[in-house]
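Dear colleague,

Please find the structure for your studies below.

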Amino acid sequence: MPRQKNRGNSKRVHQDFHLSTGDAFSLAHDSSEAEDFLQDACLSLLGSGASWERSYLFATIRNRFIDRYRLIGFWRMLECTSLCT
């Protein structure tokens, strides 16, 4: 019986992962960046031992997206201040 339970859980994780690929693309509008967000999110979930529920995976992808664009904004600000001085 445990194999059937694992098989169902594996199928759900696969479906959530597939849907999360679309979620990442809807944020990034670029397939390469979307794959990066998804990979970063998966590595984070694996490292923390967190849940693989779709809502949690999406929140992690969204946080990676926000972090990336904060970092880009920070570097642009540094470039501007170094050019302006």
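This is a predicted model: local features need pLDDT of at least 70, side-chain atom pairs count only at pLDDT 80 or more; totals for chains, interfaces and linings use all residues.

**Aromatic pairs**

Two aromatic pairs turn up when the whole structure is searched. Here, rings of Phe, Tyr and Trp (its six-membered ring) pair if their centres lie within 6.5 Å; planes under 30 degrees apart count as stacked, over 60 as edge-to-face and the rest as tilted. The pair of F37 and F65 is edge-to-face, because the ring centres are 5.7 Å apart and the planes stand at 75°. Since F37 belongs to helix α2 (residues 31–48) and F65 to helix α3, this pair ties together parts that are 28 residues apart in sequence. F65 also pairs with Y69, and this aromatic pair is tilted, with 4.9 Å centre to centre and 50° between the planes. F65 and Y69 are four residues apart in helix α3, so about one helical turn separates them. Together, F37, F65 and Y69 form one aromatic cluster.

Residues are numbered from 1 along each chain as its sequence is written, and side-chain values use heavy atoms, with hydrogens and water left out.

**Buried or exposed**

Buried means under 20% relative accessible area, exposed over 50%, and partly exposed in between (1.4 Å probe, protein chains only). F37 counts as buried because its relative accessibility is 0%. Y69, at 35% relative accessibility, counts as partly exposed, and L71, at 46%, also counts as partly exposed. Of the 85 residues of the protein, 20% count as buried.

**Surface**

L71 is located in helix α3 (residues 54–84). With F74 and W75, L71 makes a nonpolar surface patch of about 330 Å². Accessible areas come from the Shrake-Rupley method with a 1.4 Å probe; for residues, only the protein chains shown count as cover. The accessible surface of the protein comes to about 6400 Å², and 58% of this belongs to carbon and sulfur atoms.

**Overall fold**

The protein has three helices and zero strands. Helices (H or I, at least four residues) and strands (E, at least two) are DSSP runs, numbered from the N terminus.

Methods: Patches are made of residues with over 30% relative accessible area and no salt bridge: like charges are joined within 9 Å, nonpolar side chains (Val, Leu, Ile, Met, Phe, Trp, Tyr) within 5 Å. A salt bridge is a side-chain nitrogen of Lys or Arg within 4 Å of a carboxyl oxygen of Asp or Glu.
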